[in-house]
Protein chains: 2
Amino acid sequence: MVERPSAEFDERGTRERLLLAAERLIADEGVASVSMRRINVEAGARNLSAVHYHFGSLDNIIAAVFEYRMGAIDRRRRAMLDEVLAHRGDRLGVPDVLHVVVWPLAELMLSQSGNEHYVRFSAAVNRLPRFDSWQLVKPGHRRGLVRCYLLLRRMLSSVPRDVLHTRLMMELRALIYSLADVDAMIRHRHAAVRDPLVLFHASELVTRIGAALSAPVSESTLMARHVLAGSAHLERGSTFGADAMWSLPGRGTAPR
Amino acid sequence: MVERPSAEFDERGTRERLLLAAERLIADEGVASVSMRRINVEAGARNLSAVHYHFGSLDNIIAAVFEYRMGAIDRRRRAMLDEVLAHRGDRLGVPDVLHVVVWPLAELMLSQSGNEHYVRFSAAVNRLPRFDSWQLVKPGHRRGLVRCYLLLRRMLSSVPRDVLHTRLMMELRALIYSLADVDAMIRHRHAAVRDPLVLFHASELVTRIGAALSAPVSESTLMARHVLAGSAHLERGSTFGADAMWSLPGRGTAPR
């Protein structure tokens with residue numbers, strides 16, 4: 001009766017140490033260089049098969065890291081969104097919504113957050129075509145992002161919906177890559193000014209993404225779009241190749 | 001007298017096959033997974049030490065791929081710039097200049113270009129902090145890009161110069177990553193509509209980057225900039241951490 005809670009605690013402790021070790025190794029070295037054995041060693045698991053027992057495969061442990069992080073990030077995002085909606089109401093602007101998209105990721109990079117590997121981990125996984133990182137995020141953990149998406153779509157109704165969808169998907173990927181680059185630059189060369197550099201770059205990303213999403217669509221984009229509209233080769237639900245990331249709300253899965 | 005030219009030709013042939021094999025392997029699998037031995041095997045070199053003989057190290061072969069590609073890309077970029085300057089003259093706009101930045105990379109991704117691995121190779125190398133990819137590009141191979149940089153700086157003089165420099169450096173990186181993502185999406189899912197998809201995304205990138213560079217600077221960026229301006233921790237020549245990519249023209253190396 002005394003040992004069971006402690007054994008359970010140990011189990012949870014081991015699982016979490018394995019997750020954090022996988023996140024750190026993949027953030028630093030990429031998915032291809034990391035083996036189950038190294039995750040076990042790095043986590044200091046006494047049982048040599050702990051990582052196999054808890055996760056079974058590298059893909060499973062990657063999915064588990066996303067689940068571990070995205071739950072917390074989504075809660076934070078929804079709370080920030082509720083707050084900004086309460087304060088700004090009808091005066092809500094594109095930068096307000098994008099702040100809610102960017103900041104929960106950027107703040108993981110601040111000094112002593114203890115969560116400093118997630119953004120680089122996420123970039124390493126996102127760039128592998130074999131992972132569909134949207135599939136890795138449970139619907140229950142994208143609720144904040146879906147609310148931001150729908151707000152932006154309403155605010156930016158002058159941009160054709162399919163173009164806007166593709167912009168959002170591409171900018172979300174670019175956001176992860178840029179934050180990961182900023183983190184690597186700071187880590188290697190500017191550790192002493194980490195926090196103001198994170199603030200500077202996060203703030204710039206809000207501005208730059210907002211401008212990119214809102215820009216009028218060019219003639220050459222409209223021409224390429226016209227060619228693609230007549231093509232039988234783009235699957236239904238595909239939006240200019242960016243479909244792997246998220247199905248367009250309204251076709252298929254309806255977001256709340 | 002008959003054999004020497006042919007032996008020389010073979011030497012050049014082997015070197016080029018090794019370069020292209022390294023480019024393809026790194027594009028597909030990332031730098032960490034690729035060994036000198038695999039490059040040799042992939043290139044079909046009969047001599048087991050051919051790659052060591054020609055390049056000596058993986059870092060040298062990476063530098064040689066950049067040299068091989070960037071010379072041709074820079075010639076193309078300068079020719080396009082001359083042409084657009086002749087046609088547009090004083091009516092030159094930001095999208096005209098960005099088209100010259102984006103297109104020489106995007107056209108390598110078109111069907112049957114035979115150069116389809118370079119953009120993903122470049123993305124794989126750019127994201128490693130141990131490579132300073134600007135150092136890998138010879139000054140003689142950046143002349144087109146420097147001319148574009150200076151034109152954009154003149155056109156976008158309403159953005160503070162240090163912020164604009166950082167935006168350009170970050171957007172150039174994001175451009176490489178986005179094109180690599182587009183290529184991977186097309187390759188895995190939409191090979192039949194490669195060319196219109198490349199046109200669509202290249203055109204969108206010109207629009208989105210132009211809007212991002214031109215956007216008014218926010219209050220929170222100005223505040224973070226103010227904090228950083230007073231810091232002794234950012235080295236001279238550093239611009240918000242983005243200094244590893246290029247030294248700000250005007251301080252130190254003067255571009256033509």
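Student: Which side chain does the side chain of D96(B) join in a polar contact, and at what distance?
Tutor: That would be R88(B): the two side chains are joined by a polar contact of 3.0 Å. Keep in mind that this is a predicted model.
Student: Okay. Which backbone nitrogen does the D96(B) side chain reach?
Tutor: The backbone nitrogen of G93(B), at 2.8 Å.
Student: And where is D96(B) placed in chain B?
Tutor: In helix 5, which covers residues 94-106 of chain B.
Student: Is D96(B) buried or exposed?
Tutor: D96(B) counts as buried because its relative accessible area is 18%, and the cut-off for buried is under 20%.
Student: Leaving out residues up to four places away in sequence, which ones does D96(B) touch?
Tutor: V84(B), R88(B) and R91(B). R88(B) is also the partner in that 3.0 Å side-chain contact.
Student: What share of chain A is buried?
Tutor: 55% of its 256 residues.
Student: Last one: for contacts in chain A between residues at least 6 apart in sequence, what percentage join residues at least 24 apart?
Tutor: That figure is 73%.

Conventions:
Residues are numbered from 1 along each chain as its sequence is written. Chains are lettered from A and ligands numbered from 1 in the order in which they are written. This is a predicted model: local features need pLDDT of at least 70, side-chain atom pairs count only at pLDDT 80 or more; totals for chains, interfaces and linings use all residues. Side-chain values use heavy atoms; hydrogens and water are left out. Helices (H or I, at least four residues) and strands (E, at least two) are DSSP runs, numbered from the N terminus. Buried means under 20% relative accessible area, exposed over 50%, partly exposed in between (1.4 Å probe, protein chains only). A polar contact is a pair of N or O atoms within 3.5 Å; within protein, one must be able to donate a hydrogen and the other to accept it, and residues adjacent in sequence count only if both atoms are side-chain atoms. Contact means heavy atoms within 4.5 Å.
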